[in-house]
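Work through the exercises below with the sequence and the model open. Each task is followed by a solution in steps.

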Amino acid sequence: MSSAHEFVPAAPAAGTWHATLVRERAPAECSTITREIAVRDREPPRPTATPGSLWPLRNVWGLSTENLYSAWIEKLFDAPLDAAPSWKALHEVLRDKSRNMLFNHLGLREDELGMIIRPDCADLPYFLRAYFSFKMGLPFGYAKCTRGTADSAPKCYEWWNIQNYEDSRQTMAVPAPAPAPVQRPAPEAAAPWEMFRQPVASIPTPPVAKPVGPPPRPPGLAAGFGHFLRYYVADTVHSGSGRTALADNNTDYYPVPLNAENLRPGTTYADPYGHLLVLAKRVAQSGDEAGVFFAVDAQPDGTVARKRFWRGNFLFAQDPGLGGPGFKRFRPIVRDKSGVMHRLTNDEIAKNQYYGDFSLEQGRLPVEAFYDKMDDVMSPAPLDPLRAITEAITSLDEQVKARVTSVENGRKFLISGKGDATMPDGPAIFETTGAWEDFATPSRDLRLLIALDVVRGFPDRVVRRPERYAMPPGKSVAAVKSELEGVLARELSVRKISYLRSNGSPWTLTLKDVIDRTTDLEMAYNLNDCAELRWGAAEKTEEASTCKRRAPQAQRAKMTNYRAWFHERRRPPRA
(Lines give C-alpha, C1' and ligand atoms only; values in the text may rest on other atoms or scores of the structure.)
Protein backbone atom coordinates (compact mmCIF):
# COMPACT_ATOMS: atom_id res chain seq x y z
CA MET A 1 0.00 0.00 0.00
CA SER A 2 1.32 3.43 -0.91
CA SER A 3 1.88 6.07 1.76
CA ALA A 4 0.81 9.68 1.31
CA HIS A 5 4.37 10.61 0.25
CA GLU A 6 4.94 7.89 -2.29
CA PHE A 7 4.72 8.61 -6.00
CA VAL A 8 2.03 6.54 -7.71
CA PRO A 9 2.71 6.21 -11.44
CA ALA A 10 -0.07 6.83 -13.92
CA ALA A 11 0.57 3.41 -15.46
CA PRO A 12 2.25 0.28 -14.08
CA ALA A 13 5.76 -0.54 -15.17
CA ALA A 14 6.29 -3.35 -17.65
CA GLY A 15 6.64 -6.80 -16.16
CA THR A 16 4.58 -9.27 -14.17
CA TRP A 17 2.44 -7.88 -11.38
CA HIS A 18 0.72 -9.84 -8.63
CA ALA A 19 -2.81 -8.79 -7.66
CA THR A 20 -4.44 -10.12 -4.50
CA LEU A 21 -8.14 -9.59 -3.87
CA VAL A 22 -9.55 -10.27 -0.40
CA ARG A 23 -13.28 -10.70 0.21
CA GLU A 24 -14.57 -10.04 3.70
CA ARG A 25 -16.85 -12.60 5.35
CA ALA A 26 -16.36 -15.05 2.49
CA PRO A 27 -15.74 -18.82 2.78
CA ALA A 28 -12.07 -19.75 3.12
CA GLU A 29 -11.86 -21.14 -0.42
CA CYS A 30 -13.18 -17.83 -1.84
CA SER A 31 -11.74 -15.28 0.56
CA THR A 32 -8.45 -14.64 -1.27
CA ILE A 33 -7.92 -14.55 -5.01
CA THR A 34 -4.47 -14.03 -6.52
CA ARG A 35 -3.73 -13.30 -10.16
CA GLU A 36 -0.59 -12.59 -12.15
CA ILE A 37 -0.92 -9.73 -14.61
CA ALA A 38 1.55 -9.30 -17.45
CA VAL A 39 2.16 -5.65 -18.39
CA ARG A 40 3.72 -4.99 -21.79
CA ASP A 41 6.38 -2.38 -22.44
CA ARG A 42 4.48 -1.05 -25.47
CA GLU A 43 0.90 -0.64 -26.63
CA PRO A 44 -0.66 -3.74 -28.19
CA PRO A 45 -1.51 -3.50 -31.87
CA ARG A 46 -4.79 -1.77 -32.50
CA PRO A 47 -7.57 -3.82 -34.08
CA THR A 48 -8.40 -3.28 -37.71
CA ALA A 49 -11.21 -4.35 -39.98
CA THR A 50 -11.29 -8.06 -40.76
CA PRO A 51 -12.65 -9.48 -44.03
CA GLY A 52 -15.89 -11.34 -43.47
CA SER A 53 -16.63 -9.84 -40.04
CA LEU A 54 -17.84 -6.47 -38.80
CA TRP A 55 -15.15 -6.57 -36.12
CA PRO A 56 -12.26 -8.94 -35.41
CA LEU A 57 -12.93 -11.83 -33.03
CA ARG A 58 -10.41 -12.60 -30.29
CA ASN A 59 -12.55 -13.91 -27.39
CA VAL A 60 -15.33 -16.43 -26.72
CA TRP A 61 -18.41 -16.27 -24.54
CA GLY A 62 -17.96 -18.18 -21.29
CA LEU A 63 -17.72 -17.74 -17.54
CA SER A 64 -14.98 -15.07 -17.56
CA THR A 65 -16.50 -12.92 -20.31
CA GLU A 66 -20.02 -13.17 -18.81
CA ASN A 67 -18.62 -12.16 -15.41
CA LEU A 68 -16.84 -9.20 -16.98
CA TYR A 69 -20.02 -8.23 -18.82
CA SER A 70 -21.94 -8.18 -15.53
CA ALA A 71 -19.20 -6.16 -13.81
CA TRP A 72 -19.13 -3.67 -16.69
CA ILE A 73 -22.90 -3.17 -16.55
CA GLU A 74 -22.86 -2.71 -12.78
CA LYS A 75 -20.07 -0.13 -12.92
CA LEU A 76 -21.64 1.68 -15.86
CA PHE A 77 -24.85 2.49 -13.99
CA ASP A 78 -23.60 2.55 -10.40
CA ALA A 79 -24.96 5.21 -8.04
CA PRO A 80 -25.83 5.61 -4.36
CA LEU A 81 -28.77 3.47 -3.29
CA ASP A 82 -31.00 6.47 -2.65
CA ALA A 83 -30.25 8.08 -6.02
CA ALA A 84 -32.33 7.83 -9.20
CA PRO A 85 -29.78 8.62 -11.93
CA SER A 86 -30.90 9.28 -15.49
CA TRP A 87 -29.24 10.34 -18.73
CA LYS A 88 -30.63 11.93 -21.88
CA ALA A 89 -29.13 9.17 -24.01
CA LEU A 90 -26.97 6.08 -23.61
CA HIS A 91 -23.97 7.75 -25.25
CA GLU A 92 -23.77 10.13 -22.27
CA VAL A 93 -23.02 7.16 -20.02
CA LEU A 94 -20.61 5.52 -22.45
CA ARG A 95 -18.60 8.72 -22.82
CA ASP A 96 -18.11 8.98 -19.04
CA LYS A 97 -14.62 7.65 -18.29
CA SER A 98 -15.42 7.29 -14.60
CA ARG A 99 -18.21 4.84 -15.42
CA ASN A 100 -17.18 3.08 -18.60
CA MET A 101 -14.21 0.81 -17.91
CA LEU A 102 -14.06 0.11 -21.67
CA PHE A 103 -13.74 3.77 -22.65
CA ASN A 104 -11.41 3.93 -25.69
CA HIS A 105 -10.45 0.34 -24.90
CA LEU A 106 -9.48 -0.35 -28.51
CA GLY A 107 -7.05 2.56 -28.66
CA LEU A 108 -8.93 4.08 -31.60
CA ARG A 109 -10.38 7.02 -29.66
CA GLU A 110 -13.63 5.32 -30.55
CA ASP A 111 -15.56 6.86 -27.66
CA GLU A 112 -14.54 10.38 -28.65
CA LEU A 113 -16.03 10.33 -32.14
CA GLY A 114 -19.31 11.92 -31.05
CA MET A 115 -21.25 8.78 -31.91
CA ILE A 116 -24.98 9.13 -31.14
CA ILE A 117 -26.29 6.05 -29.35
CA ARG A 118 -29.93 6.56 -28.41
CA PRO A 119 -31.77 3.24 -27.94
CA ASP A 120 -35.37 2.71 -26.92
CA CYS A 121 -36.30 0.05 -24.35
CA ALA A 122 -36.07 -2.88 -26.77
CA ASP A 123 -32.79 -1.66 -28.26
CA LEU A 124 -31.06 -1.11 -24.92
CA PRO A 125 -30.17 -4.75 -24.06
CA TYR A 126 -28.90 -5.31 -27.60
CA PHE A 127 -26.92 -2.07 -27.70
CA LEU A 128 -25.19 -2.88 -24.41
CA ARG A 129 -24.41 -6.45 -25.50
CA ALA A 130 -23.18 -5.26 -28.92
CA TYR A 131 -20.99 -2.52 -27.44
CA PHE A 132 -19.34 -4.96 -25.03
CA SER A 133 -18.90 -7.55 -27.80
CA PHE A 134 -17.33 -4.94 -30.10
CA LYS A 135 -14.86 -3.83 -27.44
CA MET A 136 -13.94 -7.36 -26.33
CA GLY A 137 -13.88 -9.01 -29.77
CA LEU A 138 -16.83 -11.33 -29.05
CA PRO A 139 -19.52 -12.81 -31.31
CA PHE A 140 -22.79 -10.91 -31.56
CA GLY A 141 -26.06 -11.46 -33.39
CA TYR A 142 -29.73 -10.59 -33.38
CA ALA A 143 -32.96 -12.12 -34.66
CA LYS A 144 -35.76 -10.71 -36.76
CA CYS A 145 -39.01 -11.53 -34.97
CA THR A 146 -42.74 -10.96 -35.21
CA ARG A 147 -44.65 -9.14 -32.47
CA GLY A 148 -46.97 -12.08 -31.86
CA THR A 149 -50.74 -12.29 -32.29
CA ALA A 150 -53.75 -12.14 -30.00
CA ASP A 151 -53.22 -15.78 -29.03
CA SER A 152 -49.57 -16.61 -29.79
CA ALA A 153 -46.10 -15.47 -28.72
CA PRO A 154 -43.71 -13.69 -31.09
CA LYS A 155 -41.66 -15.94 -33.39
CA CYS A 156 -38.21 -15.29 -34.86
CA TYR A 157 -37.65 -16.34 -38.45
CA GLU A 158 -34.21 -14.92 -39.35
CA TRP A 159 -30.95 -14.56 -37.44
CA TRP A 160 -28.11 -12.24 -38.37
CA ASN A 161 -24.64 -11.90 -36.89
CA ILE A 162 -21.46 -9.93 -37.44
CA GLN A 163 -20.23 -12.46 -40.00
CA ASN A 164 -23.55 -12.66 -41.80
CA TYR A 165 -25.45 -9.44 -41.41
CA GLU A 166 -28.27 -8.18 -43.51
CA ASP A 167 -26.61 -7.80 -46.89
CA SER A 168 -30.07 -8.28 -48.35
CA ARG A 169 -30.84 -4.76 -47.15
CA GLN A 170 -28.32 -3.19 -49.48
CA THR A 171 -29.17 0.23 -50.80
CA MET A 172 -31.53 -0.02 -53.74
CA ALA A 173 -32.15 2.59 -56.43
CA VAL A 174 -35.83 3.44 -56.71
CA PRO A 175 -36.86 5.84 -59.47
CA ALA A 176 -38.45 9.07 -58.35
CA PRO A 177 -41.98 9.69 -59.71
CA ALA A 178 -41.72 10.82 -63.31
CA PRO A 179 -42.80 14.43 -63.79
CA ALA A 180 -45.53 15.24 -66.25
CA PRO A 181 -44.37 15.97 -69.81
CA VAL A 182 -43.29 19.56 -70.29
CA GLN A 183 -45.30 21.48 -72.86
CA ARG A 184 -43.19 23.58 -75.20
CA PRO A 185 -44.57 25.96 -77.78
CA ALA A 186 -44.82 24.88 -81.38
CA PRO A 187 -42.06 26.12 -83.71
CA GLU A 188 -42.51 29.62 -85.00
CA ALA A 189 -45.14 29.48 -87.73
CA ALA A 190 -43.91 29.19 -91.31
CA ALA A 191 -47.38 29.41 -92.81
CA PRO A 192 -50.74 30.74 -91.62
CA TRP A 193 -52.08 27.31 -90.71
CA GLU A 194 -49.07 26.70 -88.42
CA MET A 195 -50.65 28.96 -85.78
CA PHE A 196 -53.25 26.26 -85.07
CA ARG A 197 -50.66 23.52 -84.38
CA GLN A 198 -50.91 22.00 -80.85
CA PRO A 199 -47.93 22.40 -78.50
CA VAL A 200 -45.47 19.53 -78.72
CA ALA A 201 -45.01 17.39 -75.61
CA SER A 202 -41.36 17.10 -74.68
CA ILE A 203 -40.31 13.96 -72.75
CA PRO A 204 -37.90 15.10 -70.03
CA THR A 205 -34.71 13.37 -69.08
CA PRO A 206 -35.48 10.42 -66.73
CA PRO A 207 -35.12 11.49 -63.08
CA VAL A 208 -32.12 10.39 -61.10
CA ALA A 209 -32.89 7.32 -58.99
CA LYS A 210 -33.20 8.01 -55.27
CA PRO A 211 -31.45 5.54 -52.96
CA VAL A 212 -33.48 3.98 -50.14
CA GLY A 213 -32.42 1.87 -47.21
CA PRO A 214 -29.38 2.42 -45.04
CA PRO A 215 -26.55 4.53 -46.40
CA PRO A 216 -23.26 2.83 -47.20
CA ARG A 217 -21.23 1.72 -44.20
CA PRO A 218 -18.55 4.34 -43.48
CA PRO A 219 -14.87 3.35 -43.35
CA GLY A 220 -13.25 2.64 -40.03
CA LEU A 221 -13.95 0.04 -37.35
CA ALA A 222 -15.66 2.38 -34.87
CA ALA A 223 -17.71 4.28 -37.45
CA GLY A 224 -18.81 0.97 -38.95
CA PHE A 225 -19.95 -0.22 -35.53
CA GLY A 226 -22.09 2.89 -35.04
CA HIS A 227 -23.62 2.40 -38.49
CA PHE A 228 -24.40 -1.23 -37.63
CA LEU A 229 -26.23 -0.26 -34.43
CA ARG A 230 -28.24 2.52 -36.00
CA TYR A 231 -29.26 1.04 -39.32
CA TYR A 232 -29.38 -2.69 -38.65
CA VAL A 233 -29.84 -3.59 -34.98
CA ALA A 234 -32.14 -0.67 -34.09
CA ASP A 235 -34.25 -1.16 -37.23
CA THR A 236 -34.75 -4.88 -36.54
CA VAL A 237 -35.18 -5.64 -32.83
CA HIS A 238 -38.31 -4.64 -30.91
CA SER A 239 -40.20 -5.57 -27.77
CA GLY A 240 -41.39 -8.82 -29.35
CA SER A 241 -37.77 -9.97 -29.46
CA GLY A 242 -37.88 -10.30 -25.68
CA ARG A 243 -41.35 -11.86 -25.35
CA THR A 244 -40.70 -15.04 -27.31
CA ALA A 245 -42.03 -18.27 -25.78
CA LEU A 246 -39.87 -19.56 -22.93
CA ALA A 247 -39.27 -22.99 -24.49
CA ASP A 248 -38.52 -21.65 -27.98
CA ASN A 249 -34.95 -22.34 -29.13
CA ASN A 250 -34.94 -19.96 -32.09
CA THR A 251 -34.62 -16.79 -30.00
CA ASP A 252 -32.01 -14.33 -28.78
CA TYR A 253 -32.96 -14.80 -25.11
CA TYR A 254 -33.53 -17.78 -22.83
CA PRO A 255 -35.25 -17.82 -19.40
CA VAL A 256 -33.29 -18.30 -16.18
CA PRO A 257 -34.21 -19.48 -12.67
CA LEU A 258 -35.31 -16.95 -10.07
CA ASN A 259 -32.38 -16.93 -7.69
CA ALA A 260 -29.69 -14.48 -6.61
CA GLU A 261 -26.95 -16.29 -8.55
CA ASN A 262 -28.63 -16.07 -11.94
CA LEU A 263 -30.31 -12.66 -11.64
CA ARG A 264 -27.07 -10.85 -12.28
CA PRO A 265 -26.27 -7.52 -13.97
CA GLY A 266 -26.89 -7.77 -17.69
CA THR A 267 -29.94 -10.03 -17.31
CA THR A 268 -32.92 -8.69 -19.28
CA TYR A 269 -36.47 -8.46 -17.98
CA ALA A 270 -39.21 -8.60 -20.60
CA ASP A 271 -42.60 -7.55 -19.32
CA PRO A 272 -45.68 -8.97 -21.04
CA TYR A 273 -46.82 -5.60 -22.36
CA GLY A 274 -43.70 -4.75 -24.32
CA HIS A 275 -41.23 -3.04 -21.96
CA LEU A 276 -37.68 -4.29 -21.39
CA LEU A 277 -35.24 -3.52 -18.59
CA VAL A 278 -31.66 -4.61 -17.87
CA LEU A 279 -30.61 -5.60 -14.36
CA ALA A 280 -27.75 -3.38 -13.21
CA LYS A 281 -27.11 -4.19 -9.56
CA ARG A 282 -28.18 -6.47 -6.73
CA VAL A 283 -27.95 -5.27 -3.14
CA ALA A 284 -28.22 -8.14 -0.68
CA GLN A 285 -30.47 -7.95 2.36
CA SER A 286 -28.58 -6.89 5.49
CA GLY A 287 -29.83 -6.20 9.00
CA ASP A 288 -33.05 -4.22 8.77
CA GLU A 289 -32.40 -3.25 5.14
CA ALA A 290 -34.36 -5.09 2.47
CA GLY A 291 -32.58 -6.52 -0.55
CA VAL A 292 -32.89 -4.55 -3.77
CA PHE A 293 -32.51 -5.16 -7.49
CA PHE A 294 -31.76 -2.12 -9.63
CA ALA A 295 -32.37 -2.08 -13.38
CA VAL A 296 -32.00 0.40 -16.21
CA ASP A 297 -34.37 1.05 -19.07
CA ALA A 298 -34.61 3.38 -22.04
CA GLN A 299 -37.64 5.36 -23.11
CA PRO A 300 -38.72 6.24 -26.66
CA ASP A 301 -37.38 9.77 -26.14
CA GLY A 302 -33.91 8.30 -25.53
CA THR A 303 -33.82 8.78 -21.74
CA VAL A 304 -31.95 6.06 -19.85
CA ALA A 305 -32.71 5.75 -16.14
CA ARG A 306 -32.11 3.44 -13.21
CA LYS A 307 -35.02 2.13 -11.15
CA ARG A 308 -35.80 -0.44 -8.47
CA PHE A 309 -37.42 -3.79 -9.02
CA TRP A 310 -40.94 -3.67 -7.75
CA ARG A 311 -44.37 -4.56 -8.97
CA GLY A 312 -45.02 -1.13 -10.43
CA ASN A 313 -42.00 -1.29 -12.78
CA PHE A 314 -41.72 -5.01 -13.52
CA LEU A 315 -45.13 -6.13 -14.76
CA PHE A 316 -45.89 -9.84 -15.02
CA ALA A 317 -48.77 -11.84 -16.48
CA GLN A 318 -49.43 -15.31 -17.84
CA ASP A 319 -51.24 -15.21 -21.18
CA PRO A 320 -50.26 -17.06 -24.38
CA GLY A 321 -51.05 -13.96 -26.41
CA LEU A 322 -48.54 -11.93 -24.41
CA GLY A 323 -45.65 -14.32 -25.02
CA GLY A 324 -43.07 -15.43 -22.49
CA PRO A 325 -42.32 -12.62 -20.02
CA GLY A 326 -39.75 -12.66 -17.22
CA PHE A 327 -36.03 -12.62 -16.62
CA LYS A 328 -33.87 -13.79 -19.53
CA ARG A 329 -30.26 -13.78 -20.64
CA PHE A 330 -28.71 -13.58 -24.08
CA ARG A 331 -28.00 -16.93 -25.64
CA PRO A 332 -24.25 -17.60 -25.90
CA ILE A 333 -23.04 -17.38 -29.48
CA VAL A 334 -20.32 -19.85 -30.40
CA ARG A 335 -18.41 -20.80 -33.54
CA ASP A 336 -18.15 -24.32 -34.86
CA LYS A 337 -14.98 -25.87 -36.26
CA SER A 338 -15.55 -24.19 -39.60
CA GLY A 339 -15.91 -20.79 -37.94
CA VAL A 340 -19.66 -20.48 -38.53
CA MET A 341 -21.58 -18.80 -35.69
CA HIS A 342 -24.67 -20.21 -34.03
CA ARG A 343 -26.60 -19.75 -30.80
CA LEU A 344 -26.72 -22.46 -28.17
CA THR A 345 -30.08 -24.23 -27.81
CA ASN A 346 -31.90 -24.52 -24.50
CA ASP A 347 -30.64 -28.08 -24.05
CA GLU A 348 -27.05 -27.07 -24.86
CA ILE A 349 -27.25 -24.21 -22.34
CA ALA A 350 -28.64 -26.53 -19.66
CA LYS A 351 -25.69 -28.91 -20.15
CA ASN A 352 -22.98 -26.25 -20.58
CA GLN A 353 -20.43 -26.11 -17.76
CA TYR A 354 -20.28 -22.30 -17.87
CA TYR A 355 -24.02 -21.70 -18.04
CA GLY A 356 -26.37 -24.51 -16.99
CA ASP A 357 -29.06 -21.96 -16.12
CA PHE A 358 -31.88 -22.59 -18.59
CA SER A 359 -35.16 -22.85 -16.68
CA LEU A 360 -38.91 -22.86 -17.37
CA GLU A 361 -39.69 -22.03 -13.74
CA GLN A 362 -41.19 -18.60 -14.50
CA GLY A 363 -43.71 -20.09 -16.91
CA ARG A 364 -45.20 -22.18 -14.12
CA LEU A 365 -45.73 -19.32 -11.67
CA PRO A 366 -49.06 -17.52 -11.26
CA VAL A 367 -48.74 -13.76 -10.97
CA GLU A 368 -48.85 -13.57 -7.16
CA ALA A 369 -46.44 -16.50 -6.86
CA PHE A 370 -43.97 -14.72 -9.17
CA TYR A 371 -43.88 -11.61 -7.00
CA ASP A 372 -43.75 -13.69 -3.82
CA LYS A 373 -40.77 -15.58 -5.22
CA MET A 374 -39.00 -12.35 -6.12
CA ASP A 375 -39.60 -11.01 -2.61
CA ASP A 376 -37.96 -14.15 -1.26
CA VAL A 377 -34.98 -13.80 -3.62
CA MET A 378 -34.38 -10.16 -2.74
CA SER A 379 -34.94 -10.56 1.02
CA PRO A 380 -34.76 -14.17 2.22
CA ALA A 381 -35.39 -13.13 5.84
CA PRO A 382 -38.76 -11.71 6.95
CA LEU A 383 -39.07 -7.96 6.40
CA ASP A 384 -40.09 -5.25 8.80
CA PRO A 385 -43.52 -4.34 7.37
CA LEU A 386 -43.06 -0.63 8.11
CA ARG A 387 -39.76 -0.57 6.26
CA ALA A 388 -41.24 -2.61 3.42
CA ILE A 389 -44.10 -0.18 2.81
CA THR A 390 -41.66 2.72 2.93
CA GLU A 391 -39.59 1.00 0.22
CA ALA A 392 -42.72 0.58 -1.93
CA ILE A 393 -43.59 4.27 -1.53
CA THR A 394 -40.01 5.22 -2.45
CA SER A 395 -40.30 3.14 -5.62
CA LEU A 396 -43.55 4.87 -6.52
CA ASP A 397 -41.94 8.24 -5.83
CA GLU A 398 -39.15 7.42 -8.29
CA GLN A 399 -41.66 6.29 -10.93
CA VAL A 400 -43.72 9.48 -10.65
CA LYS A 401 -40.58 11.61 -10.89
CA ALA A 402 -39.59 9.73 -14.05
CA ARG A 403 -42.98 10.65 -15.51
CA VAL A 404 -42.19 14.33 -14.83
CA THR A 405 -39.36 14.04 -17.36
CA SER A 406 -41.58 12.28 -19.92
CA VAL A 407 -44.35 14.89 -19.69
CA GLU A 408 -41.82 17.73 -19.85
CA ASN A 409 -40.36 16.28 -23.05
CA GLY A 410 -43.90 16.27 -24.45
CA ARG A 411 -44.39 19.91 -23.39
CA LYS A 412 -41.23 20.88 -25.25
CA PHE A 413 -42.54 19.11 -28.34
CA LEU A 414 -45.78 21.11 -28.15
CA ILE A 415 -43.98 24.44 -28.02
CA SER A 416 -41.70 23.47 -30.93
CA GLY A 417 -44.42 24.50 -33.38
CA LYS A 418 -44.59 21.13 -35.14
CA GLY A 419 -48.35 20.85 -34.80
CA ASP A 420 -50.46 18.01 -33.44
CA ALA A 421 -48.96 14.54 -33.44
CA THR A 422 -50.98 11.82 -35.14
CA MET A 423 -52.68 9.39 -32.75
CA PRO A 424 -52.68 5.73 -33.83
CA ASP A 425 -55.80 3.56 -33.74
CA GLY A 426 -56.58 0.79 -31.26
CA PRO A 427 -53.76 -1.24 -29.67
CA ALA A 428 -51.24 0.60 -31.87
CA ILE A 429 -51.24 3.45 -29.34
CA PHE A 430 -48.89 1.23 -27.31
CA GLU A 431 -46.56 0.28 -30.18
CA THR A 432 -45.91 2.71 -32.99
CA THR A 433 -43.28 5.14 -34.28
CA GLY A 434 -42.77 8.87 -34.60
CA ALA A 435 -43.73 11.64 -32.19
CA TRP A 436 -46.49 9.57 -30.58
CA GLU A 437 -44.05 6.84 -29.65
CA ASP A 438 -41.50 9.35 -28.39
CA PHE A 439 -43.68 11.67 -26.31
CA ALA A 440 -47.07 10.07 -25.59
CA THR A 441 -47.14 7.87 -22.48
CA PRO A 442 -49.84 5.16 -22.75
CA SER A 443 -47.54 2.28 -21.75
CA ARG A 444 -45.81 4.27 -19.02
CA ASP A 445 -49.14 5.50 -17.65
CA LEU A 446 -50.57 1.98 -17.59
CA ARG A 447 -47.58 0.90 -15.51
CA LEU A 448 -48.02 3.93 -13.25
CA LEU A 449 -51.70 3.13 -12.66
CA ILE A 450 -50.71 -0.39 -11.63
CA ALA A 451 -48.03 1.05 -9.35
CA LEU A 452 -50.58 3.33 -7.66
CA ASP A 453 -52.78 0.29 -7.01
CA VAL A 454 -49.85 -1.64 -5.55
CA VAL A 455 -49.00 1.07 -3.03
CA ARG A 456 -52.59 1.63 -2.01
CA GLY A 457 -53.06 -2.11 -1.56
CA PHE A 458 -49.82 -2.76 0.34
CA PRO A 459 -51.44 -3.05 3.79
CA ASP A 460 -53.77 -5.72 2.40
CA ARG A 461 -50.78 -7.57 0.93
CA VAL A 462 -49.24 -7.80 4.41
CA VAL A 463 -52.53 -9.19 5.70
CA ARG A 464 -52.55 -11.77 2.90
CA ARG A 465 -49.03 -12.98 3.62
CA PRO A 466 -48.13 -12.13 7.23
CA GLU A 467 -45.52 -14.91 7.42
CA ARG A 468 -43.41 -12.96 4.93
CA TYR A 469 -43.03 -10.10 7.39
CA ALA A 470 -41.40 -9.71 10.79
CA MET A 471 -44.60 -8.87 12.61
CA PRO A 472 -44.05 -6.88 15.84
CA PRO A 473 -44.47 -9.06 18.94
CA GLY A 474 -47.79 -8.65 20.66
CA LYS A 475 -49.49 -6.92 17.70
CA SER A 476 -52.31 -8.45 15.75
CA VAL A 477 -52.34 -8.46 11.97
CA ALA A 478 -55.20 -5.98 12.08
CA ALA A 479 -53.19 -3.61 14.29
CA VAL A 480 -50.21 -3.80 11.94
CA LYS A 481 -52.48 -3.07 8.98
CA SER A 482 -53.82 0.02 10.75
CA GLU A 483 -50.31 1.22 11.46
CA LEU A 484 -49.30 0.69 7.82
CA GLU A 485 -52.28 2.70 6.65
CA GLY A 486 -51.13 5.56 8.88
CA VAL A 487 -47.59 5.42 7.46
CA LEU A 488 -49.02 5.36 3.94
CA ALA A 489 -51.17 8.44 4.51
CA ARG A 490 -48.31 10.35 6.10
CA GLU A 491 -45.70 9.50 3.46
CA LEU A 492 -48.03 10.27 0.55
CA SER A 493 -48.72 13.70 2.02
CA VAL A 494 -45.10 14.74 2.51
CA ARG A 495 -43.50 13.41 -0.69
CA LYS A 496 -43.75 15.90 -3.53
CA ILE A 497 -42.99 16.36 -7.21
CA SER A 498 -42.95 19.51 -9.32
CA TYR A 499 -43.77 19.83 -13.02
CA LEU A 500 -43.70 22.75 -15.44
CA ARG A 501 -47.04 24.08 -16.65
CA SER A 502 -47.65 25.32 -20.20
CA ASN A 503 -46.21 28.76 -19.44
CA GLY A 504 -43.09 27.30 -17.85
CA SER A 505 -44.15 27.99 -14.25
CA PRO A 506 -43.66 25.17 -11.73
CA TRP A 507 -46.57 23.46 -9.98
CA THR A 508 -46.14 21.14 -7.01
CA LEU A 509 -48.11 17.99 -6.31
CA THR A 510 -47.89 15.55 -3.44
CA LEU A 511 -48.00 11.82 -4.05
CA LYS A 512 -51.43 11.93 -2.41
CA ASP A 513 -52.54 14.37 -5.11
CA VAL A 514 -51.31 11.95 -7.77
CA ILE A 515 -53.15 9.01 -6.19
CA ASP A 516 -56.32 11.08 -5.82
CA ARG A 517 -56.14 11.77 -9.57
CA THR A 518 -55.94 8.12 -10.54
CA THR A 519 -59.17 8.31 -12.53
CA ASP A 520 -58.00 11.39 -14.45
CA LEU A 521 -54.67 9.69 -15.22
CA GLU A 522 -56.56 7.08 -17.22
CA MET A 523 -56.79 9.68 -20.01
CA ALA A 524 -53.59 11.67 -19.47
CA TYR A 525 -51.21 10.09 -21.98
CA ASN A 526 -51.84 12.20 -25.11
CA LEU A 527 -48.88 14.44 -25.93
CA ASN A 528 -51.22 16.87 -27.69
CA ASP A 529 -52.77 17.78 -24.33
CA CYS A 530 -51.19 20.44 -22.15
CA ALA A 531 -49.02 19.37 -19.23
CA GLU A 532 -51.73 20.46 -16.78
CA LEU A 533 -54.23 17.97 -18.23
CA ARG A 534 -51.59 15.26 -18.34
CA TRP A 535 -51.21 15.66 -14.57
CA GLY A 536 -54.98 15.53 -14.03
CA ALA A 537 -55.59 19.20 -13.25
CA ALA A 538 -59.31 19.91 -12.85
CA GLU A 539 -61.00 22.41 -15.16
CA LYS A 540 -61.41 26.01 -13.90
CA THR A 541 -58.74 25.65 -11.22
CA GLU A 542 -55.69 27.83 -10.74
CA GLU A 543 -53.48 24.90 -11.75
CA ALA A 544 -55.33 24.47 -15.06
CA SER A 545 -55.56 28.21 -15.79
CA THR A 546 -52.34 28.16 -17.84
CA CYS A 547 -53.48 25.32 -20.13
CA LYS A 548 -53.77 26.53 -23.72
CA ARG A 549 -53.61 23.28 -25.65
CA ARG A 550 -55.91 20.29 -25.89
CA ALA A 551 -55.86 17.22 -28.08
CA PRO A 552 -58.20 17.34 -31.10
CA GLN A 553 -61.75 16.24 -30.34
CA ALA A 554 -61.41 13.18 -32.57
CA GLN A 555 -58.43 12.03 -30.50
CA ARG A 556 -60.30 12.65 -27.23
CA ALA A 557 -63.14 10.51 -28.58
CA LYS A 558 -60.72 7.66 -29.29
CA MET A 559 -59.23 8.00 -25.81
CA THR A 560 -62.72 7.69 -24.33
CA ASN A 561 -63.24 4.47 -26.30
CA TYR A 562 -59.91 3.10 -25.07
CA ARG A 563 -60.35 4.19 -21.46
CA ALA A 564 -61.48 0.74 -20.31
CA TRP A 565 -57.96 -0.61 -20.96
CA PHE A 566 -56.53 1.80 -18.41
CA HIS A 567 -59.43 1.55 -15.97
CA GLU A 568 -59.16 -2.25 -15.92
CA ARG A 569 -55.34 -2.15 -15.96
CA ARG A 570 -55.07 -4.40 -19.00
CA ARG A 571 -53.33 -4.00 -22.28
CA PRO A 572 -55.44 -5.07 -25.29
CA PRO A 573 -54.41 -8.00 -27.49
CA ARG A 574 -52.27 -7.08 -30.46
CA ALA A 575 -54.10 -6.86 -33.73
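A polar contact is a pair of N or O atoms within 3.5 Å; within protein, one must be able to donate a hydrogen and the other to accept it, and residues adjacent in sequence count only if both atoms are side-chain atoms. The model is predicted: local features need pLDDT of at least 70, side-chain atom pairs count only at pLDDT 80 or more, and totals for chains, interfaces and linings use all residues. Residues are numbered from 1 along each chain as its sequence is written, and side-chain values use heavy atoms, with hydrogens and water left out.

**Exercise 1.** Locate K307 and find which side chain it joins in a polar contact.

Step 1. K307 lies in strand 14, residues 304-308; strands (E, at least two residues) and helices (H or I, at least four) are DSSP runs numbered from the N terminus.
Step 2. K307 counts as buried because its relative accessibility is 11%, where buried means under 20% relative accessible area, exposed over 50% and partly exposed in between (1.4 Å probe, protein chains only).
Step 3. The side chains of K307 and D297 are joined by a polar contact of 3.0 Å.

**Exercise 2.** Sort the side chains of strand 18 by face.

Step 1. In strand 18 (residues 496-500), I497 and Y499 point to one face and are buried.

**Exercise 3.** Describe how strand 18 pairs with strand 19.

Step 1. The two strands pair in the antiparallel sense over five bridges; pairing requires at least two DSSP bridges.
Step 2. Opposite Y499 stands W507 of strand 19.
Step 3. Five residues separate the strands of this hairpin, and G504 in the turn has a positive phi of about 90 degrees.
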